[in-house]
Amino acid sequence: MSTPSQSPPPSPSPSPGAERTDGPSVRIGALAPLTPPGWAEAGQHLLAGLELAVHEVNDAGGIGGRPLELVVRDTAADPEKAAAAVDELARLGVTALAGEYHSVVARAAATRADALGLPFLCSSAVLDALTEQPTPWVARLAPPQSRGWRIYADFLLGAGHTRIAVATQPSLYWASGVRVLRDHLAPHGGTVTELDTGALTPATLCDKLAAGRATALLLLVGHPDPAVPIVRSVRRDPRLADVLIGAPAGQPEFAGWAASPGDDGAAIPFLRYLPERLTPLGVRVGAALRERLAEPPSFVAFEGYDTVTVLADVLRAHGTDRARVAEAWPHVAVEGTRGRIRFSRTPGIGVWQWTRTPVQVVDRDPAEPGRFRVLHTG
């Protein structure tokens, strides 16, 4: 069952010269994992970005004088729950959908949105096959997994790692990631060995890792379990002192990660989607997000803000008809927090894609875990 919608912050008085936000609201359905087993911390950052942008849109006069409203549904990392939420939001008359963090959940939402003819701007999910077939209804801000994880593989090669082990759980997302890594590393003599965490304890996984002589272990598993116990076991095993632990999916981005394994969680490279320098808009938004979240904002919070920024621009220029919103994807040219956003068709990707999304490989500095070190850019 879907959770009740969460109301956005009260709209402040319009800025001088802005139209009043009177009349019926323009409604956007927002999908985010806000409860376990979803990654609630990521969902909270995503929602904070969405809500801040809505607040600012309404402060500037809304959409043609009408207030913008978020109708929030918790997906809890459940594809069936997400599909049901899309059905409900469509019945409630939302103009478009926004959000979602988990790739497999976003795929279910995108498939349902495509079937219903409901525009969906996906904020964070990276799975290449977000839909089975090309669709005009769905666009995405995050880079496709094939691009981000190839950049991560280049980082591994540049650091001298060709014998890679991956701790895995059953998931379309993890399986897709393994395939990207294997395909990109193989021409360079790299190998990828899968270690099934469902069949191995952290201790026996360490035994396999030592016997296989891998120089890097990638965590393609959930957080906190089994990721944190694996990290602790590897860090404490003297046979594995020189093994790099990596987490391409981005688990160490969030403050909850730093609190879970403590000092053991530093020096674990991961992907994040931020530029070397934020745009002037990004600097201002980053400060506002920090205040709203009471902690440094993750790249997911910026993705949320950019999502509403794009949708508001489309709604102002093209109106609130669903078909016209979808037809506007190729005409988007919006200054976001991380660069200028434009959508295009990418071979092998069935949705409208922002192709210039910035990608970094970073880790937490062991000397100062609250500080991130940029190790590689792509």
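Select helix α9, residues 280–293, and helix α10, residues 299–318. In this predicted model, their axes come within 11 Å and cross at roughly 115°. That angle makes α9 roughly perpendicular to α10. The crossing of α9 with α10 is right-handed.

Now show side chains at this crossing. On α9, pick L281, G282, R284, V285, G286, L289 and L293. On α10, pick A301, F302 and Y305, which meet those α9 residues. Colour the selection by class. The α9–α10 contact has 7 nonpolar, 2 polar and 1 charged residues. R284 of α9 is part of this contact, and so are the glycines G282 and G286.

Select α6, residues 202–212, and α7, residues 227–235. Their axes lie 9 Å apart, and the helices pack at an angle of about 50°. α6 and α7 are therefore oblique to each other. What is the hand of the crossing of α6 and α7? It is right-handed.

Show the side chains here too. From α6, take P202, L205, C206 and L209. From α7, take P229, I230, S233 and V234. Colour by class again. The α6–α7 contact has 7 nonpolar residues, 1 polar residue and no charged residues. S233 sits on the α7 side of this contact.

Finally, display both pairs together. α9 and α10 are roughly perpendicular, whereas α6 and α7 are oblique. The α9–α10 contact includes 1 charged residue; the α6–α7 contact has none.

Terms used: Residues are numbered from 1 along each chain as its sequence is written. This is a predicted model: local features need pLDDT of at least 70, side-chain atom pairs count only at pLDDT 80 or more; totals for chains, interfaces and linings use all residues. Side-chain values use heavy atoms; hydrogens and water are left out. Axes are lines fitted to C-alpha atoms, for helices over the stretch in contact, and angles run from 0 to 180 degrees between N-to-C directions. Helices (H or I, at least four residues) and strands (E, at least two) are DSSP runs, numbered from the N terminus. Angles under 35 degrees count as roughly parallel, over 145 as roughly antiparallel, 65 to 115 as roughly perpendicular and the rest as oblique. A crossing is left-handed if the near helix is turned anticlockwise from the far one by less than a right angle, and right-handed if clockwise. Contact means heavy atoms within 4.5 Å. Ala, Val, Leu, Ile, Met, Phe, Trp, Tyr, Cys and Pro count as nonpolar, Asp, Glu, Lys and Arg as charged, and the others, Gly among them, as polar.
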